[in-house]
Amino acid sequence: MPLLTEPRNRRASRLLRAPFVGALAFAVAFSTSANAGGGLIRDAETENLLRDYAKPIFTVAGLGSQGIKIHIVNDRNFNAFVVDGHNMFIHAGALMNAETPNQMIGVIAHESGHITGGHLARLRSQVSRARSAALMLQLLGLAAMAGGAIAGAPGIGQAGMGAAFGGTDAAMRSVLAYRQNEESSADQAAMTFLNGTKQSGRGMLETFEFMGSKLYGVEGINPYLQSHPMPQQRILQLRELVHASPYFDNTDPPDLKFRHDLVKAKLFGFLDKPQIVFNRYPKSNQTLPALYARAIATYRDAGVQVAMPQLDALIAAKPDWPYFYEIKGQFLFESGDPASAIPPLREAVRLAPTDPPIRIMLAQALLGTSNQATLDEAITNLRTGLAQEDSSSMAYRQLAVAYARKADTVKASGAKRQFMAQAELASAEAYFYEGQLKLAKQQAKRAKAGLIDGTPNWLRADDILAFEVPRTN
């Protein structure tokens, strides 16, 4: 949602941009389940890498001011798609299959070409009243798969996988399917963007040639080919464009390749079975990405104590990398030791102060200790995170807990009631982004009764009470 301080006469625009309640807010952290499936992956390291890939392309394409969000779909198939001018979806499998940053950048450039080319206008007209990842997935028949992981309840996402894989083929063909002339247009636009950033089109060509040879994906017919037709003539035309570029021989900066390899290792570590990870990254491979993958797989296979020496070795090798501290804190927290999770998460926040998921995880750990002295620190981190990540139901739930505990620490009835009203409002926000509109309105009504009339929090509670689900064609 937009800032709470907007004047009330802008409520209509706020509500029209509110997420569709059929699927919800974002999960804070990776699922570490060996059979995790479905939904969206939230990970600060991966999202930052994709943003860095996309930023130059978006700028040259004239999309820098559109606030395009890149969402990572928890799916091992190679796929990427856009459904409007504000949201791009990339499957984890695309990152895991990309050998170089340039290959992923080529994919992002191509999808940006679909945005600038005005493709998928029919679908955009359907989502124009409520621009959100949740609504996009709903319209694509993916709501059941997305609902769990988006809201921070991975089990729900897993339950939806069967229906999603069985029901999205038609959606991919009829809704996402680009016409062949649109594909060629997007290729040409992508090359314009790549040339404009002095990057090679080699990676895009390599990716599309590879995908063109892969009729079948992990779960059957390759979904990328369903939505992106790749006749031989298109490949030939793309090859000519790529080889004609003066930047054909340009390569990725070493530091970008290093970050790419780290993210790939992380994804394999979380999404593959541990033994497969150990085979893919044997002990003979002593690179940091390999150590990263093995540490994650070791944690999933044998627990945090066995993995701890590997996690500490990663930190010792690169002490300025926030995500090694983050993952150590995450594993400690998940293992029932929130107090030990706090120091590494604090260090991760210090090194990456603008990453909301890390702040939210730190707040979870602080609240997990039941130490009243850290309540204000937890609230500050949650508020800071929500200023950038304003649809995280997990963060709102933690904020509700923090304010309820804060109410217990004061004796004055007025102050106690204000803290409880803020707890109820945070709970209403959590229900709202989880799609539980009835419960959201119940909590908002209670919050509104305890808030001062006309204040930003009172207006937000009023907005939730007035919200109605946007209709689509």
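# Talking through the labels

Trainee: What makes Asp52 and Arg259 a salt bridge?

Mentor: Keep in mind that this is a predicted model. The closest N and O atoms of Asp52 and Arg259 are 2.8 Å apart. The rule asks for a side-chain nitrogen of Lys or Arg within 4 Å of a carboxyl oxygen of Asp or Glu, so the pair qualifies. The two link distant parts of the chain: Asp52 sits in helix H2 (residues 44-60) and Arg259 in helix H14, 207 residues apart.

Trainee: Why is Arg259 called buried, and what is Asp52 called?

Mentor: Buried means under 20% relative accessible area. Arg259 has 18%, so it counts as buried. Asp52 has 40%, which falls between the 20% and 50% cut-offs, so Asp52 is partly exposed.

Trainee: Which salt bridge does Asp187 form, and are its two residues buried or exposed?

Mentor: Asp187 meets Arg234, at 2.6 Å from N to O. Asp187 lies in helix H10 and Arg234 in helix H13 (residues 232-244), so this pair ties together parts that are 47 residues apart in sequence. Asp187 has a relative accessible area of 3% and Arg234 has 4%. Both values are under 20%, so both residues are buried.

Trainee: How do you know that Glu424 and Arg417 form a salt bridge?

Mentor: Their closest N and O atoms are 3.2 Å apart, and that is within 4 Å, so the pair passes. Glu424, at 6%, is buried, while Arg417, at 31%, counts as partly exposed.

Trainee: How many salt bridges does the rule give?

Mentor: The count comes to 24. Some residues are linked in a network: Arg42, Glu47 and Glu389. As a general point, side chains of opposite charge can pair when their charged atoms come close.

Trainee: What makes S1 and S3 edge strands?

Mentor: The open sheet of four strands runs in the order S1-S2-S4-S3, with mixed pairing. Strand S1 (40-41) and strand S3 (80-82) each have a single partner strand, so one side of each is left without a neighbour in the sheet. Further in, strand S2 (residues 69-73) and strand S4 (residues 87-91) pair in the parallel sense over five bridges. Ile70 stands opposite Met88 in S4.

Trainee: Why is Lys198 called exposed?

Mentor: Exposed means over 50% relative accessible area, and Lys198 has 55%, so the word applies. Lys198 is in the loop between helix H10 (180-196) and helix H11 (202-212). Lys198 also has a positive phi of about 60°, although it is not a glycine.

Trainee: Where is Ser370, and what is its phi?

Mentor: Ser370 is in the loop between helix H20 (356-368) and helix H21 (375-388). Its phi is positive, about 60°, and Ser370 is not a glycine.

Conventions
Residues are numbered from 1 along each chain as its sequence is written. This is a predicted model: local features need pLDDT of at least 70, side-chain atom pairs count only at pLDDT 80 or more; totals for chains, interfaces and linings use all residues. Side-chain values use heavy atoms; hydrogens and water are left out. Buried means under 20% relative accessible area, exposed over 50%, partly exposed in between (1.4 Å probe, protein chains only). Two strands pair if DSSP finds at least two bridges between them.
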